[in-house]
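Please read this briefing beside the sequence and the 3D view. The points are grouped by topic.

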Amino acid sequence: MSESIISADVVEKDNVARKADLERDYASLGERLDRRGIAIDAIRDKVEKFTVAIPSWGVGTGGTRFARFPGAGEPRDIFDKIEDCAVIRQLTQATPTVSLHIPWDKADPNRLKQAASRFGLGFDAMNSNTFSDAQDQKLSYKFGSLSHADAGTRRQAVEHNLECIEIGRTLGSKALTVWIGDGSNFPGQVNFARAFERYLDAMKDIYAGLPDDWKLFTEHKMYEPAFYSTVVQDWGTNYMIAKELGDKAFCLVDLGHHAPNVNIEMIVSRLIQFKKLGGFHFNDSKYGDDDLDAGSIDPYRLFLVFNELVDAELSGAEGFHPAHMLDQSHNVTDPIESLMLSAVEVQRAYAQALLVDRKALEGCQDSNDALMATQTLKTAYRTDVEPILAMARLKTGGAIDPVAAYRAAGYRAKVAAERPAVAGGSGGIV
C-alpha cells in the first residue's frame with residue numbers, strides 16, 4: 001500500500017462537499033454528449049489512463065536571467081522533491097512518474113527507487129546536463145559539450161550521458177533525454193558543419209550505450225543560452241539526428257522551443273507520419289522559451305496538438321507511443337499548484353480532442369469546406385469537459401478540486417516550517 005502525504009480525511013472532506021454538484025454536472029454533460037453520439041463514461045475511462053510525468057526540477061522555484069526569488073518550503077534535495085511529486089500524484093492521479101535530472105538529482109539509485117516506491121511513484125526518462133558545469137567538473141561546458149572543439153570535453157559529456165543511462169537502468173527508466181545548450185553567440189565563432197559533425201559523432205557513442213529496450217530523445221531549441229546559433233535549432237535538424245542515429249532515436253517536442261508563430265501541431269503531424277515523434281515537454285509561452293504553465297497562454301494550440309495525437313491514436317499509427325512530461329519554471333506561483341493545474345490542462349486537451357467528430361471532420365476536409373472543418377474542431381474545444389476530468393480523479397482516489405484540497409491540507413506551510421529558508425540569488429533555474 002502506497003503512503004500518502006496529504007491526509008485522506010482532508011481529501012475526503014473536500015470531495016464530499018463537491019460530489020453532489022459534480023454528479024449533477026456529469027449527468028448533464030453526459031446527456032448533451034449522448035445527443036452527439038458520444039458515451040461520456042468511455043471518455044472518462046480514457047482520461048483516467050492518460051498520464052504525464054513530473055520533472056523533478058519543476059517542484060522548485062524557477063528564475064530568470066536577472067533574479068531568482070525562492071519560495072517557502074523549497075525542496076532541499078531530490079528526496080524532498082519526490083515528496084512534493086507524491087502530493088501532485090495523490091491529488092491529481094495523473095502523474096505516476098518522475099523525470100530526474102543528473103547531476104542535480106544524483107543520489108544512490110537504490111535509495112531513490114525505495115523513496116519513490118513508498119508513494120507508488122516510478123521514474124520517467126532520465127535527463128542529462130551538459131549545459132552547465134557541475135561542482136568539481138574537470139572540463140567546462142562554457143563553449144559547448146557534445147559539439148565542443150576539444151575532444152576531451154566531448155568525451156566527458158558522453159561519459160556523463162552513459163552514467164545517466166546506468167542510473168536509469170537501476171531506477172527502471174526506459175529513456176534518456178539529451179538537450180544541449182551548444183551553439184554560438186557571434187558570427188564566425190564556430191563552423192556550423194564541423195560543430196554538427198562533432199555532435200553527431202558524440203551522440204553515436206551515447207546511442208551505442210543504450211539498452212535494447214530504451215529510447216533516446218533529442219530535443220531542439222531555437223535559441224538560448226546561445227543567441228546567434230544553436231546546434232540543434234529546429235525540428236528538421238532534430239529529425240535528421242534521429243534518422244542518423246537509428247531506430248531507438250526519436251524527436252522530443254518542447255512547446256516553448258519554437259518561434260511564436262510556428263505551426264507546432266503540423267510539426268507533430270510530420271514526426272508522427274515519419275515515425276520519429278518521441279514525446280513532449282508540455283508548457284506554454286508568449287515570446288520564447290518562457291516555460292509557463294501548460295495551457296496558460298494558448299490552450300487552443302494545446303488542443304490542436306492533441307487533435308493530431310488523438311487522430312494518430314485512433315487511426316492506429318505505426319510506432320505511436322509518445323512520452324508525456326511537463327517542463328515548467330514557476331517564478332511567481334506555488335510550483336505544486338502550477339504542476340497540478342498543468343497536468344489537468346493536458347488531460348483537458350486530450351479529452352476535448354477525443355470529442356472531435358472525426359468522420360464529419362474528414363468529410364469537410366474532403367469537400368474543401370474550410371468553415372465547417374474548423375467549426376467541427378471548435379465544437380469539441382468549446383465543450384466544458386471539467387466534469388469528466390473531476391470524475392476521473394474522484395473515481396481513482398484523487399481530489400475533485402486538487403488545488404482546493406491542497407490548500408486545505410496546509411502542505412506548503414508544513415514544509416516551510418520543516419525546510420530551511422533559501423536565500424535569494426542571481427538568475428537561473430533550479
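Three strands form an open sheet in the order β1-β2-β4, with parallel pairing, where two strands count as paired if DSSP finds at least two bridges between them; strands are DSSP runs of E with at least two residues, helices are runs of H or I with at least four residues, and both are numbered from the N terminus. Because β1 (54-55) and β4 (122-123) each have a single partner strand, they stand at the edges, and one side of each is left without a neighbour in the sheet. The model is a predicted one, in which local features need pLDDT of at least 70 and side-chain atom pairs count only at pLDDT 80 or more, while totals for chains, interfaces and linings use all residues. Residues are numbered from 1 along each chain as its sequence is written, and side-chain values use heavy atoms, with hydrogens and water left out.

**Sheet**
- Strand β2, which covers residues 97-99, pairs with β4 in the parallel sense over 2 bridges, and V98 stands opposite F123 in β4.

- Not counting residues up to four places away in sequence, F306 touches F50, F282, V346, A349, Y350 and A353, contact meaning heavy atoms within 4.5 Å.

**Cysteines**
- The structure holds 0 disulfides, a disulfide being a pair of cysteine sulfur atoms within 2.5 Å.
- C85 is in no disulfide, and the nearest cysteine sulfur, that of C164, is 18 Å away.
- C85 is buried, with a relative accessible area of 1%, and C164 also counts as buried, at 0% relative accessibility (buried means under 20% relative accessible area, exposed over 50%, and partly exposed in between, with a 1.4 Å probe and protein chains only).

**Surroundings of H160**
- H160 lies in helix α5, which spans residues 151-171, and is buried, with a relative accessible area of 11%.
- Leaving aside neighbours within four places in sequence, H160 is in contact with I102, P103, S128, N129 and T130, and the side chain of H160 reaches the backbone oxygen of I102 at 3.2 Å.
- H160 and L146 are 14 residues apart along the chain, and their C-alpha atoms are separated by 11 Å.

Notes:
Polar contact = N/O pair within 3.5 Å; in protein donor to acceptor, adjacent residues only side chain to side chain.
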